[in-house]
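Student: I would like a close look at a single part of this model, taken slowly and with the terms spelled out.

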Amino acid sequence: MHKESPMTPSQTASAAIDPMKPPQAGKLWLEAANEWFSTVDHKRIGLLYIGYALVFLLIAGFEAVLIRIQLAVPNNHFISPQVFNRMFTMHGTTMVFFVGMPILFGFGNYLVPLMIGARDMAFPRLNAFSFWISAFGGLLLYFSFIGGDGLYGAGTAPDVGWFAYAPLTSRLFSPGHSTDYWILGVFLSGIGSVGTALNLVVTIVCMRCKGMTMGRLPLLPWLYLVTSAMVFIAIGPLTAAQIMLMLDRFLGAHFFDAQAGGSAVLWMHFFWIFGHPEVYILVLPAFAFANEIIPVFSRKPIFGYPAMVAATVLIGFISMGVWAHHMFTVGLGPAGNTFFTLATMIISVPTGIKIFNWLATIWGGKIRFATPMIFSIGFLFQFLIAGLTGIMLSVAPLDWQLGNSYFVVAHFHFVLVGAILYMIFAAFYYWYPKMFGRLLNETLGKWHFWLFTIGFHLTFDTMHIPGVLGMPRRIYTYEADRGWGMWNMVETVGMVFQVAGLLCFVWNVIQAYRHGEEAGPDPWDAWTLEWATTSPPPAYNFAEDPVVHSRRPLWDLKHPEAPDTHFE
Amino acid sequence: MSSHSAALTPSASEWQLPDKGKMGMLCLIVAEIAIFAIFVVAYIFYMGKSLSGPTPAQVLKLPIIGTICLLSSSISVHFAVSTLEKGKTQLCSLWLAITVLLGLIFLSGTATEWYELINVDGLTIRTNLFGTTFYSLVGLHATHVAVGLILLSLTLGFGIAGKLSDRHAHRLDVLSYYWHFVDAVWVVVFIVVYVVGR
């Protein structure tokens, strides 16, 4: 079915590349650094995003370790209350804005042009700008450790919590400049996010290779398209709210100043109009990875492609109308409570459709339990639990009981760690060979998975219980007679396992860079276009522009006797 | 529309995709709408909730001339694009100059209004909630007008220097989308601040 040489397989590409590739050896490090600083190549920017996010992952992980040590035993004085406040603020802000967003944009940057058969993003220079402005935001946030109080002293990072409720952020309660660094850091990262999201949308809509209609678009670009569209609508309110907060702090405006008639609740609305879609902005790319990895390791095409796309678009829409379920304890009145309870419950329907589609993809498949797949299976289990506790919390009366408790913390860590971080790990094991031409070690990968999974469940399964027993989040210590001590100790022990797992991962990534097994262009016998070029791909991706005829172009090429075009 | 992806395989049938520049500008406009929407919501939410004067009814006057100028500039920028498409660069520069002039009249109107509000009526951003929301919403819009004027003046500079040709019509078209958007936002701001809010 594939006449006129549909795509150039790797042989042609590699023959064309090698003579042109500048020799890496013997290059001054300054030259190499300059290449990375000035690059507009989507693959390099993708790697910059990912590397930058990994550094912040380790920093924010370290902050979580400090939090867990502090909470391990009652009446602990390991860190002071002030430092504890800074740690949970920095941990949350860093993980959302400087780990989650950049790592997902990094994979998007790297993979989307390759998967749609394009040579770069639509606006390469905007791409570089977006990365560097986000990176500057992260540096600014951490500069607050030095500059937060100006000349008065170092070590004063933001301590207002990652959602920075008013009036805690006003000049009166938050003197010095730590909160200003928080505002500016998050503001700049938002500008970078909108730039990259814009780039992704335009790339996906306007740069698809010949024959790749929207119906043949792989699911990863599809989900990135929806995520990016959500970024436009969600980041705007955050940016606007940050501008207002700056006007309050620097020019004496009264947006969130109750003394002058302003409203602290308005900040909550504005923040969560951003904050809840943000969760879906982070989780949709994780779904996107699952959509690519699960079929390849089940040796079946994805089950229910149109349903998957429809569910994604539905999630995108509904997620814009659920924000106030973060605010049930404010007292929204019966109409508000009912609306947001129902909206939150409804969003679990398209999410459930996705889970059933993944299960149906695995069902009857010839499953290969390679590391990317076992992380995906972990994701399926944990995301299900995260969804179930989410439905529990969507019920307003139950939320009044559990709101702001460790139950909530356990719930959203199940989403952010159990679902999103697991799929990010899966994506690393799956695409690392494409990025660096070498496979990550499978044995270390399995150690990583099991250590991390044991640690994850020790920490976050048990974390639900002190929440139900009434332990509020963000307290720096507690009394011994509360009955929370044992659970907190178990959580901290789990943290040790997670750190051990993470170290396996870091070691694996470093080790495989030089000593990993050669991957070749297509180590997983996959079927999307990124595997049709060399590993790592040349700067121009494809020597000839590919032409596709189905959703699995590489499958068609490898199986001319039964191409997908016969069945789609 | 786009030629970059259509001409891959000469023998192949047409493969047309939307234009990158226009698509990018539309995305930017969606993101901007989200920002403006929040400021408009804040304005409406705090309408009549100021604890002290002055109130909008006491101090605001309808900016009729500015509004007419800004809305007409949408028409003039449209003519700038269409004349450039036909290769009439001189005429295009003239329309661009008219657009920039109209935009400047609008901005100077805002400047005069703010000068009077601050110095005569004593309304600043810290006076009351009206001042807070008024200056931030109108100021955000004026900032967008200023950015648009910088870009249009740059194009006008190229036009005067004789560097403009019909090759650039597409880029000017993308810029005109932004300008139309800024005008449309003014319609909303005008209705919310000067009609409903007064």
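Is the crossing of α8(A) and α12(A) left-handed or right-handed?

Tutor: This is a predicted model, in which local features need pLDDT of at least 70 and side-chain atom pairs count only at pLDDT 80 or more, while totals for chains, interfaces and linings use all residues. Residues are numbered from 1 along each chain as its sequence is written, with chains lettered from A and ligands numbered from 1 in the order in which they are written.

The crossing of α8(A) and α12(A) is left-handed, a term for a near helix turned anticlockwise from the far one by less than a right angle. Helix α8 of chain A covers residues 264-298 and helix α12 of chain A residues 371-394, helices being DSSP runs of H or I with at least four residues, numbered from the N terminus. The two pack at an angle of about 120 degrees, with their axes 9 Å apart; axes are lines fitted to C-alpha atoms over the stretch in contact, and angles run from 0 to 180 degrees between N-to-C directions. That angle makes α8(A) oblique to α12(A), since angles under 35 degrees count as roughly parallel, over 145 as roughly antiparallel, 65 to 115 as roughly perpendicular and the rest as oblique.

On the α8(A) side, the contact is made by Ala290(A), Ile293(A), Ile294(A) and Phe297(A), and they meet Pro372(A), Met373(A), Ser376(A) and Phe379(A) of α12(A), where contact requires C-beta atoms, placed from the backbone, within 7 Å. By class, this contact has seven nonpolar, one polar and no charged residues; Ala, Val, Leu, Ile, Met, Phe, Trp, Tyr, Cys and Pro count as nonpolar, Asp, Glu, Lys and Arg as charged, and the others, Gly among them, as polar.

Turning to chain B, its secondary structure comes to six helices and zero strands, and its C-alpha trace spans about 75 × 35 × 20 Å along its principal axes.

Notes: Contact = placed C-beta atoms within 7 Å.
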